[in-house]
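Hi everyone, thanks for coming.

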Amino acid sequence: MLKFGNQNVEFKQKYVQDIRKEVLAFVNAEGGTVFVGVRKDGAVTGIDDPDEGIREMIIQNSGKSYEKAHVR
């Protein structure tokens, strides 16, 4: 695992609505990956309710295309 984010990788310790900024930046660039449940130093922390986080992302972004960006 990477020990830091870079122009194609972003770590988020938890899901927040501002995650859309990173996703859209990747879509507008060459693509990238957002890892949710991972600290900036690369340590995996996990998230309390992964299903709820995924539901939130789907609800907030329904109808939008993010082909080049991945949230994991």
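So, in which strand is Glu 10 found? Glu 10 sits in strand E1, residues 9-12; helices (H or I, at least four residues) and strands (E, at least two) are DSSP runs, numbered from the N terminus.

A word on the model. It is a predicted one, where local features need pLDDT of at least 70, side-chain atom pairs count only at pLDDT 80 or more, and totals for chains, interfaces and linings use all residues. Residues are numbered from 1 along each chain as its sequence is written, and side-chain values use heavy atoms, with hydrogens and water left out.

Now, is Glu 10 buried or exposed? Its relative accessibility is 17%, so Glu 10 counts as buried; buried means under 20% relative accessible area, exposed over 50%, partly exposed in between, with a 1.4 Å probe and protein chains only. Beyond residues up to four places away in sequence, Glu 10 touches Glu 22, Phe 26, Thr 33, Val 34, Phe 35 and Lys 40, a contact being heavy atoms within 4.5 Å.

Let's follow Glu 22. This residue is in helix H1 and is buried too, at 19%. Setting aside neighbours within four places, Glu 22 contacts Glu 10, Lys 12 and Val 34.

Next, the neighbouring strand. E1 and E2 pair in the parallel sense over four bridges; pairing requires at least two DSSP bridges between two strands. Lys 12 stands opposite Val 36 in E2. Strand E2, residues 32-36, has four of its five residues buried, so it is largely enclosed by the rest of the structure.
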